[in-house]
Amino acid sequence: MMQPGKHNSKLNSVEHSWDPGGNRLPNHYLRSVTGAMFCYGMQKDSPEYDDDENENEEESRTELDTHANMPVVGRHALIIDDLDEEVSVSPFTPDYPAMKAKMVDAAVKYECPYTGVSYILIIRNAIHVPSMSNNLIPPFIMRECGITVNDVPKIHVRLPDESHHAITF
């Protein structure tokens, strides 16, 4: 795994054009935003949080998308940086026209259903589609970052264990 501030020339080569490279370490603004997100998540767990008032909150998921070549974030992601770049996104069929979308850096909260521990995931160079409620991340991008993505279903493994059908860091 690379150290913060160190850049692997292979990751910044032309064949990996989704990563603009450069020094993009978390700055003061990013630290304050992620801290605020964490506090907001903790506020929901407090006794003062009124569930009746917030019963219409929509659940959001972050899913693997093996057919995509860029991460996509929806309306529930916190945009932490607008990269001032617009891209043309084509749908799965030529029957629909391509749409324009902004490139952003975003943060999403993940809460482990087993431990209850919350994590803030920073997704860089994502396509922002506000009409979507879910986020999509291509497994190959996670693998490029050194994350182990084992997306083979447990039913297709002879002797499954906790490392099968799992994402591990």
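His 165 counts as partly exposed, because its relative accessibility is 48%. The model described here is predicted. In this model His 165 is placed in the loop between β7 (148–150) and β8 (166–168). Its phi is near 50°, a positive value in a residue other than glycine.

Asp 84 likewise is not a glycine and has a positive phi, of about 55°. Asp 84 belongs to strand β3 (residues 78–89). With a relative accessibility of 70%, Asp 84 counts as exposed.

## Confidence

The average pLDDT of the chain is 78, and 66% of the residues score at least 70. Strand β2 (residues 72–73) has the highest confidence in the chain, at 96, whereas helix α1 (residues 28–44) has the lowest, at a mean of 59.

Over residues 1–18 the pLDDT stays under 50, and the model has 21 contacts for this stretch beyond four places in sequence. Where pLDDT is low, the predicted coordinates should not be read in detail.

## Nonpolar surface patch

Four residues, Tyr 110, Val 117, Tyr 119 and Leu 121, make up a nonpolar patch on the surface, and their accessible area together is about 340 Å². Tyr 110 is located in strand β4 (residues 99–111), and Leu 121 in strand β5 (residues 118–128). Both count as partly exposed: the relative accessibility is 38% for Tyr 110 and 31% for Leu 121.

Not counting residues up to four places away in sequence, Tyr 110 touches Val 117, Ser 118, Tyr 119 and Leu 121. The C-alpha atom of Tyr 110 is separated by 8.8 Å from that of Arg 61, although the two residues are 49 residues apart along the chain.

## Salt bridges

The structure has a count of five salt bridges. One of them joins Asp 105 and Arg 124, whose closest N and O atoms are 3.6 Å apart. Asp 105 lies in strand β4 and Arg 124 in strand β5, so this pair ties together parts that are 19 residues apart in sequence. Asp 105 counts as buried, at 2% relative accessibility, whereas Arg 124 counts as partly exposed, at 29%.

Lys 109 forms a salt bridge with Glu 111, with 3.9 Å between the closest N and O atoms. Lys 109 is partly exposed, with a relative accessible area of 33%, and Glu 111 is also partly exposed, at 40% relative accessibility. A further salt bridge links Arg 143 to Asp 151, the closest N and O atoms being 3.5 Å apart. Arg 143 is partly exposed, with a relative accessible area of 39%, and Asp 151 counts as partly exposed at 33% relative accessibility.

## A buried asparagine

Asn 135 lies in strand β6 (residues 135–137). Its relative accessibility is 2%, so Asn 135 counts as buried. Leaving aside neighbours within four places in sequence, Asn 135 is in contact with Ser 60, Arg 61, Thr 62 and Glu 63, with Val 72, Val 73, Gly 74 and Ala 77, and with Val 108. Two of these partners, Val 72 and Val 73, are the residues of strand β2, the element with the highest confidence in the chain.

## Cysteines

The structure holds zero disulfides. Cys 112 counts as buried, at 14% relative accessibility, while Cys 145 counts as partly exposed, at 44%.

Conventions:
Residues numbered from 1 in each chain as written. Predicted model: local features only at pLDDT ≥ 70, side-chain atom pairs only at ≥ 80, totals over all residues. Heavy atoms only, no water. Patch = residues over 30% accessible without salt bridge, like charges linked within 9 Å, V, L, I, M, F, W, Y side chains within 5 Å. Areas by Shrake-Rupley, 256 points an atom, 1.4 Å probe, with all protein chains shown as cover. Salt bridge = Lys/Arg side-chain N within 4 Å of Asp/Glu carboxyl O. Helix = DSSP H or I, 4+ residues; strand = E, 2+ residues; numbered from the N terminus. Buried < 20%, exposed > 50% of the residue type's maximum accessible area, 1.4 Å probe, protein only. pLDDT = per-residue confidence, 0-100. Contact = heavy atoms within 4.5 Å. Disulfide = S-S within 2.5 Å.
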